[in-house]
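Please have the sequence and the viewer open while I talk.

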Amino acid sequence: MSISVLVADDSKLSRRSVIRSLPQDLEYDITEATNGQEAINALSESEFALVLLDLTMPEVDGVGVLQNAFCVNR
């Protein structure tokens, strides 16, 4: 069974680095987002076991993603 992971970062190089740093002995189903709004959209469409967010993304930053997707501080 694979672990669902959302990697949200506006830098493709950073997304690749994060993905490569995941333990190799596990299987992953990885979704990538290039900005905060894409991350919010992905979170509204699917459930993820692990979410890795860049805090300084365009559109919506990582904290904004958490506030919007998980209704924090509402």
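Which residues of helix 2 are buried? Keeping in mind that this is a predicted model, the buried residues of helix 2 are Gly36, Ala39, Ile40, Ala42 and Leu43. Looking down the axis of helix 2, you will find that these buried residues fall within an arc of 165°, so they line one face of the helix. The face turned away from that buried side carries Ser44 and Glu45, which are exposed.

Let me now turn to the core. The largest nonpolar core is made up of 11 residues, among them Leu6, Ala33, Phe48 and Val65. Two elements, strand 1 (3–8) and helix 2 (36–45), each give two or more residues to this core, and the largest share, four residues, comes from helix 2. If we take Leu6 and leave aside its neighbours within four places in sequence, we find Leu6 in contact with residues including Ala39, Ala42 and Leu43, as well as Thr31 and Leu52.

Asn35 sits in the loop between strand 2 (28–33) and helix 2, and Asn35 counts as buried because its relative accessibility is 13%, where the cut-off for buried is under 20%. Asn35 caps the N-terminal end of helix 2, with a side-chain oxygen 3.0 Å from the backbone nitrogen of Gln37, and the side chain of Asn35 also reaches the backbone nitrogen of Glu38 at 2.9 Å. Beyond its neighbours within four places in sequence, Asn35 is in contact with Met57, Pro58 and Glu59.

Technical notes:
Residues numbered from 1 in each chain as written. Predicted model: local features only at pLDDT ≥ 70, side-chain atom pairs only at ≥ 80, totals over all residues. Heavy atoms only, no water. Core = buried A, V, L, I, M, F, W, Y, C linked by side-chain atoms within 4.5 Å. Buried < 20%, exposed > 50% of the residue type's maximum accessible area, 1.4 Å probe, protein only. Contact = heavy atoms within 4.5 Å. Polar contact = N/O pair within 3.5 Å; in protein donor to acceptor, adjacent residues only side chain to side chain. Arc of directions from axis to C-beta.
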